[in-house]
Amino acid sequence: MTRERVRHDLVELLKDAREDWDHSVTVTDNTGIFNELGFESIDAVGLSSALEGHFEQALPFPEFMSKAKEQNLKDITVGQLLDFLMQNLESSAERKVA
Amino acid sequence: MKPQVIIFGLDGATFTVLDDLVARGIMPNLGKFQCEGVRGHLMSTTPPLTPLAWSSLVTGRTPGQHGVLGFMQYANANSTSVQLVSSRQFTAETLWSIVNRQGKRAGSLNFVAHQPAPKIDGWVVPGWVSWRWMKRLSHPAGIIEQLKQELPGFDVKKLAIDFEEERKSVVGAPMDDYRSWIGLHIERERQWFEVLRHMMRKDPAELIGIVFDGVDKLQHLLWYYLDPRLTPEQPESEYLRIRDMAWDYFRTVDELLGETLDLYGDKSTILICSDHGFTATREVVYINSFLEKMGYLNWKPETEMVDDGSQELESGVYRHVGFDPSRTKAYALTASSNGIFINVKGRRDETGIPPQEYDAFRRELIEALLTKCVDPETGEPLISRVSTREEAFWGPNMHNAPDLTLELRDFGFVSVRRTNAIHAKRPTILGTHHPEGILIGRGPGIRSDASIDPVWLADIAPTVLYAMGLQIPADLQGRVIEELFTEEHLARHDLSMGGATEAAVAVAVPAGVPDEDTEIIEKMKALGYLE
């Protein structure tokens, strides 16, 4: 799956979750999902489940969020989420356990 | 088409409350329903906790077999990462899937551990999901948009769990807020029911499951007002006012049952089930502080000490970060599971006791919990039962479960906070889970005005399959509750056993817990399970 395709799916997924989505907003890789797109921290778990549901595979989302915390990131950007997805959509099949 | 079977779930319902409400005429439909059917206690899981228990009901299996071990659980048996409950944790096939394989459709509404929704032949709107993600986490795609367009009054924000509103339930809402808080639950139950009614018109299914979870939430907060055994001889007007408001909620549930009977009562088998029962809790046991006093646990210096008597059962430091694993042999991870993990070297990391000392240490720990964790005033044990994981969680997921599961003498949840004391009395009586839930069945072939001995949650799935005339997978742990049915019905309808279930695949995600999970966990405390 190409980065552009994943990017498209991710943005659509974020839009879906926001009834009041401002369609004039241009989403770039530098757009922050909490500060700029208005998600709340409580949405992180829902986002995790939604990503896994959409891509139909497990993702180490808690690990991703923990690393963000260790790095004292004040927000997570669309680009960082994309990097995470591109890295793990290829490898997550190996994480499955019976 | 009318459903063949409806599982009418009342989360936490107990005969202690329902019998009183029926006697007072507050739940006339329920009174009539049980006169026309069969009732008995439905025994819960160990521990009697919502995710484990409903998952046992929909799989016909114990938690060690189905894989849902709590609101939070380790990602796997070798991980220090904690995950929130989700459908990914199922390692057993659900009832919805089993009936699908036999050509029947299913609809599932408001069940915990159903997000992301399994892609069944039918529809799933999961519980415990915030409204923003309901659209993405429901099945089939587009169902929430369809409901918005077609169902007058549908509001996904009212349907979904609202963590902020729920938080009020435990922080002690001002009196004037009680009505709106109870009203919110009344509105939620109506929304769920309208979804059921609409989906049955638009996209009917032979098996329906719906959970009304306000029963549990009201009972956690308002047990003092709902348990007739606790009613003061001369109740004050404030007491009566709050009780009347709580009764309004149960009137609504009864109305929904009445509407269900009007719609489907002539043809459908309806099973009113709870995941666990309820009782009063009057004290708090600070279990990690007990383990510290016994020399089994050492806190990190920075871990916050809370006042003795704190009613808060968990904080953001409930897990390993709160104590020093290198100097800890045993710890309670979360309040809701009432579980104690033994820190064994090589299991999750390189800290803990050597594996060869496990059996002896576990025996020592059980003895200490049962005899030394005592009421400081009376000397009586605070813990009435300790189950090993072989007893509580036997199965492929056992190694990811707590080593020991505690039942407190008042059935309360333990606190995992750091305190000086190990015990405190609660300033007010609250509600807590009890193993004895309810089952009331009514429908074709079911006896009238009868009662049965206790059965258990895992019996519901095979009983549903029998009532639908379907094959019962041979590897279910529960049994068909034959005593629900008339002899004539049993004579005409043989039990048909089938092959094994298809295993679900649990997917473990490695690594740590994000702050965001922790925040949700904090908010989930408001729901009473975690406090």
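Analyst: Ask away; we can go through it topic by topic.

User: Experimental or predicted, and what is the mean pLDDT of chain A?

Analyst: This is a predicted model. Chain A has a mean pLDDT of 79, and 80% of its residues reach 70 or more.

User: Which elements of chain A have the lowest and highest mean pLDDT?

Analyst: Helix α3 (residues 61-70) of chain A has the lowest, at 71. The highest belongs to helix α1 (residues 3-16) of chain A, at 90.

User: Where in chain A does pLDDT stay under 50?

Analyst: Over residues 92-98 of chain A. For that stretch the model has 16 contacts beyond four places in sequence.

User: Switching to chain B. What should the span of α12(B) be, and what does the model give?

Analyst: Helix α12 of chain B covers residues 237-264, which is 28 residues. At 1.5 Å a residue they should span 40 Å, and the end C-alpha atoms are 40 Å apart, so the two agree.

User: Which residues of α12(B) are buried?

Analyst: Among them are B:I242, B:M245, B:A246, B:Y249 and B:F250. Further along α12(B), the buried residues include B:D254, B:L256, B:L257 and B:Y264.

User: What does B:L222 touch?

Analyst: Leaving out residues up to four places away in sequence, B:L222 touches B:I242 and B:A246. Both of those are buried residues of α12(B). B:L222 itself sits in helix α11 (residues 214-226) of chain B.

User: Is B:L222 buried or exposed?

Analyst: Buried: 21 other C-beta atoms lie within 10 Å of B:L222, and the cut-off for buried is 20 or more.

User: How far is B:L222 from B:I429?

Analyst: They are 207 residues apart in sequence, but their C-alpha atoms are 8.6 Å apart in space.

User: On to strands. How many residues of β8(B) are buried?

Analyst: 5 of the 5, so strand β8 (residues 269-273) of chain B is largely enclosed by the rest of the structure. B:T269, B:L271 and B:C273 point one way, while B:I270 and B:I272 point the other way.

User: Which strands pair with β8(B), parallel or antiparallel?

Analyst: Strand β1 (residues 5-10) of chain B runs parallel to β8(B), joined by 5 bridges. In that pair, B:I6 stands opposite B:I270. Strand β15 (residues 436-442) of chain B pairs with β8(B) in the antiparallel sense over 4 bridges, and there B:I272 stands opposite B:I440.

User: What is the domain assignment of chain B?

Analyst: The assignment gives domain 1 as 5-276 + 435-498 and domain 2 as 284-427. The C-alpha centres of domain 1 and domain 2 of chain B lie 31 Å apart. The contact takes 21 residues from domain 1 of chain B and 21 residues from domain 2 of chain B.

User: What is on the domain 1 side of chain B that touches domain 2, by class?

Analyst: That side of domain 1 of chain B has 9 nonpolar, 12 polar and no charged residues. α4 (63-66) and β3 (72-74) of chain B each supply at least two residues of it.

User: One more: what is the strand order in the open sheet of 4 strands in chain B?

Analyst: The order is β10-β11-β13-β12 in chain B, with antiparallel pairing. β10 (330-331) and β12 (383-388) of chain B are at the edges with a single partner strand each, so one side of each has no neighbour in the sheet.

User: And how many bridges are there between β11 and β13 of chain B?

Analyst: There are 2 bridges between strand β11 (residues 339-342) and strand β13 (residues 404-408) of chain B. B:I340 stands opposite B:L404 in β13(B).

Conventions: Residues are numbered from 1 along each chain as its sequence is written. Chains are lettered from A and ligands numbered from 1 in the order in which they are written. This is a predicted model: local features need pLDDT of at least 70, side-chain atom pairs count only at pLDDT 80 or more; totals for chains, interfaces and linings use all residues. pLDDT is the predictor's confidence in each residue, from 0 to 100. Two residues are in contact if their C-beta atoms, placed from the backbone, lie within 7 Å. The expected span of a helix is 1.5 Å times one less than its number of residues. A residue is buried if 20 or more other C-beta atoms lie within 10 Å of its own, exposed if 12 or fewer, and partly exposed in between; C-beta atoms are placed from the backbone. Two strands pair if DSSP finds at least two bridges between them. Domain bounds come from an automatic or database domain assignment. Ala, Val, Leu, Ile, Met, Phe, Trp, Tyr, Cys and Pro count as nonpolar, Asp, Glu, Lys and Arg as charged, and the others, Gly among them, as polar.
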